[in-house]
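Please look through the sequence and the model below before reading on.

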Amino acid sequence: MRTGRYARPEFERHCRRHPPGGPVSTIDSRTALRICPLCEATCGLTLTIERTRVTGARGDRDDVFSRGFICPKGASFGAVDGDPDRLRTPLVRKDGELREATWEEAFDAVAAGIRTVVERYGANSVGVVLGNPNVHTMAGALYPPVLLAGLGTRGVFTASTVDQMPKHVSSGLLYGDANAIPVPDLDHTDHLLLLGANPLESNGSLCTAPDFPGKLKALKARGGTLTVVDPRRTRTAKLADRHIAIRPGTDALLLAAMAHVLFEEGLVDLGDLAPHVQGVDELSASVQDFTPEAVADACDVDAVTIRTLARELAAAPTAAVYGRIGSCTVPHGTLASWLVDVLNILTGNLDRPGGALFPQAATDRTPRPAGPGHGFALGRWRSRVSGHPEAKGELPLSALAEEIDTATEEGEPIRALVAVAANPVLSAPDGDRLDKALDSLDFMVSVDPYLNETSRHAHVVLPPPPPSQSPHHDFAFNTLAVRNQVRYTRPAVPLEPGRMAETEILARLILAATGMHGADPAAVDAMVIDQTLGKAVKEPHSPVHGRDPRELAAQLTGGTGPERRLDLMLRLGPYGDGFGVRPDGLSLEKLLAHPHGIDLGPLSPRLPQPLKTPSGKVELLPQPIAGDLPRLRRALHERPAGLVLVGRRHLRSNNSWMHNVPALTGGTNRCTLHIHPEDAERLGVRDGAPVRVKGAGGEVTAPAEVTDGVRRGVVSLPHGWGHDRPGTRLSHAAADPGVNVNQILDGSQLDPLSGNAVLNGVPVEVAAVTEKFPALT
């Protein structure tokens with residue numbers, strides 16, 4: 001929605017009745033700009049502040065990217081920021097209980113706890129878990145890489161392996177760079193095919209686009225076509241010209257059949273891509289078995305429809321295929337992610353306006369000349385217990401519990417854990433097992449604003465300040481943005497007394513964990529600056545090649561170490577001033593002079609420069625992909641006999657973050673089991689009545705919501721719920737806890753290439769709850 005004259009009247013009435021942050025005072029009222037950190041849309045906000053409290057938020061109409069758009073999460077920024085359950089001081093475990101402590105006591109405990117484990121058992125006995133909120137903060141972007149390098153552990157786990165890791169792996173194999181992810185050119189495309197994506201609820205993912213709903217409506221208004229492939233009739237599906245209610249988990253089969261049709265009917269046309277692509281003939285041979293007729297029964301999509309989808313994609317003046325979490329968190333997630341790009345390539349729509357293009361963020365590294373690179377490797381090491389291969393330096397989050405609680409001859413288990421903005425008890429499969437495993441650790445430190453289902457196990461909890469008291473720049477999301485731009489906002493509110501900036505918390509954590517406890521935290525930023533400039537002056541393509549790094553460091557501006565690092569990245573980046581080489585280029589000083597951001601223009605073709613494969617080309621059929629295709633062929637003959645489970649997103653929440661904010665719960669944001677009326681009648685399930693859902697990992701009981709918004713044979717539970725464990729301090733969430741959908745999973749089902757958890761298309765049993773609570777068979 002848009003604010004001001006664009007706002008929905010009912011939303012304006014709601015905001016007047018329920019102002020974020022409580023009653024509004026007119027004393028010392030002012031406004032401040034802030035980029036919203038609550039989802040991937042990164043909208044610009046104008047905050048109303050009474051003294052030091054955020055009492056309102058509206059869209060910033062002058063923001064160069066979002067142009068005033070805002071969603072309910074952004075409008076509730078004040079309530080999120082001012083949640084009374086946020087921790088304000090560190091907690092340290094003493095005599096079995098977490099008690100308030102000073103910052104000095106907390107970091108003393110961290111240093112003693114981690115270093116004791118490292119010195120006795122080695123670096124790999126320390127695990128690190130990074131949660132999704134890290135990519136929404138400056139601190140989360142700048143400091144975890146330094147922590148991982150300093151610790152030297154292979155026990156790295158992140159939210160990526162319950163979300164988008166298949167896309168990183170497919171991009172790494174295709175382009176040689178796991179972070180080279182093309183995004184649909186929403187503002188210019190004529191034809192958009194969405195798979196497993198519901199941007200009207202999620203606001204977009206791996207595609208940073210404020211007002212995604214408005215962009216889809218604009219696509220239709222200019223005569224374009226929107227097709228949505230999803231087992232649920234989501235809000236996005238309702239907007240579509242065509243909705244394909246596919247059987248969950250079969251996206252890769254559908255896409256392979258579309259590729260088959262393109263080859264069979266002579267519709268392949270690489271256009272300007274041709275000189276940059278290798279492996280077309282090999283790809284053609286590899287999809288021969290995936291005819292529309294062969295995949296139709298497995299997908300529950302008829303062959304005529306599949307052929308129509310392929311023909312329309314090829315015939316459109318411009319087109320883009322985009323797949324998201326529903327096509328990633330399935331048994332063939334990497335193959336589905338790969339085939340999304342394959343279709344864009346075969347129709348000549350990769351790296352083309354109106355197709356899918358590679359964004360160029362202002363803080364990207366200095367672009368190097370096009371040419372062969374080192375490529376992307378999988379399985380450089382494996383997990384200790386089950387032998388899962390690493391991907392992008394990470395092990396599957398599903399394997400965290402067994403890496404803690406299982407002894408083997410392959411090395412020490414994880415005995416200490418660093419969790420930064422992570423709640424894997426709710427986000428990883430089999431939370432009950434992980435819950436018990438965390439209790440067995442020798443030491444755990446959690447950086448988290450809440451005492452939640454995971455941080456309650458910590459020996460030390462380090463709480464960052466609320467977002468209004470932190471600076472903001474989107475390092476990650478600008479690499480996925482549908483328009484090149486750059487924005488930065490300083491803290492809207494000064495740090496409260498007794499608080500510590502999140503950047504300083506993580507800098508001190510690095511020092512404590514790596515044997516430098518007590519050093520000046522500014523040394524961390526200074527070290528990174530020195531290392532970055534030391535490398536830059538040696539690179540022939542760098543604008544500072546051959547210069548004195550000390551002289552360059554002296555030119556950096558900014559009031560803090562993080563600002564100096566941002567200035568460094570801007571000046572060395574693709575639009576930067578190169579420390580005076582390009583006077584009109586970017587620097588922090590220039591960015592601060594543009595508080596609503598700087599527009600850097602629409603996405604444009606960049607190939608071959610982003611390619612880092614050994615061949616210097618798009619490698620269309622990499623060996624790991626070819627090696628996994630036989631598994632996809634076997635899926636042609638697989639079909640679960642009973643119900644399968646899929647997840648869903650809510651517009652007013654983001655994973656498990658915001659269930660403690662009253663303004664963002666209730667209404668449609670509830671933890672219910674969606675079930676089709678015919679399935680409900682067959683099973684004796686009544687609307688609103690409790691039902692049991694049982695899977696390999698356990699069972700949960702949730703209220704049934706009978707709806708034809710989900711196809712027959714499919715049930716749906718949202719993720720991020722289950723706030724019923726003792727020892728947390730989430731008063732509102734605990735009052736309506738919902739159930740943890742990931743408890744239905746045992747963590748054994750993974751996409752083998754990426755290690756991503758299979759969260760969708762999972763076989764389950766469903767039964768109405770009776771007075772005798774019968775066991776499911």
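## About the model

This is a predicted model, in which local features need pLDDT of at least 70 and side-chain atom pairs count only at pLDDT 80 or more, while totals for chains, interfaces and linings use all residues. Residues are numbered from 1 along each chain as its sequence is written, and side-chain values use heavy atoms, with hydrogens and water left out.

## The nonpolar cores

In soluble globular proteins, nonpolar side chains tend to be buried together. A nonpolar core is here a set of buried Ala, Val, Leu, Ile, Met, Phe, Trp, Tyr and Cys residues joined through side-chain atoms within 4.5 Å, where buried means under 20% relative accessible area, exposed over 50% and partly exposed in between, with a 1.4 Å probe and protein chains only.

The largest nonpolar core has 61 residues, and those that touch the most other members include Tyr175, Met258 and Trp338. Among the elements that each supply at least two residues are α7 (165-175), β9 (191-195) and α16, helices (H or I, at least four residues) and strands (E, at least two) being DSSP runs numbered from the N terminus. The helix α11 gives the most to this core, with 11 residues. Not counting residues up to four places away in sequence, Met258 touches Leu193, Ile306, Leu309, Ala310, Leu313 and Leu343, a contact being heavy atoms within 4.5 Å. Apart from this core lies another, of 49 residues, among them Val445 and Leu566.

## A helix with a buried face

In helix α19 (residues 431-439), the buried residues are Gly431, Leu434, Asp435, Ala437 and Leu438. Seen down the axis of α19, these buried residues fall within an arc of 165°, so they line one face of the helix; the arc is that of the directions from the helix axis to the C-beta atoms. On the other side of α19, Lys436 and Asp439 are exposed. The cover over the buried residues of α19 includes α17 (400-405), β15 (416-420), α18 (424-427) and β16 (443-447).

## A buried loop residue

Asn203 lies in the loop between α8 (199-202) and α9 (212-221), and at 3% relative accessibility Asn203 counts as buried. Leaving aside its neighbours within four places in sequence, Asn203 is in contact with residues including Cys39, Cys71, Phe212 and Leu651.
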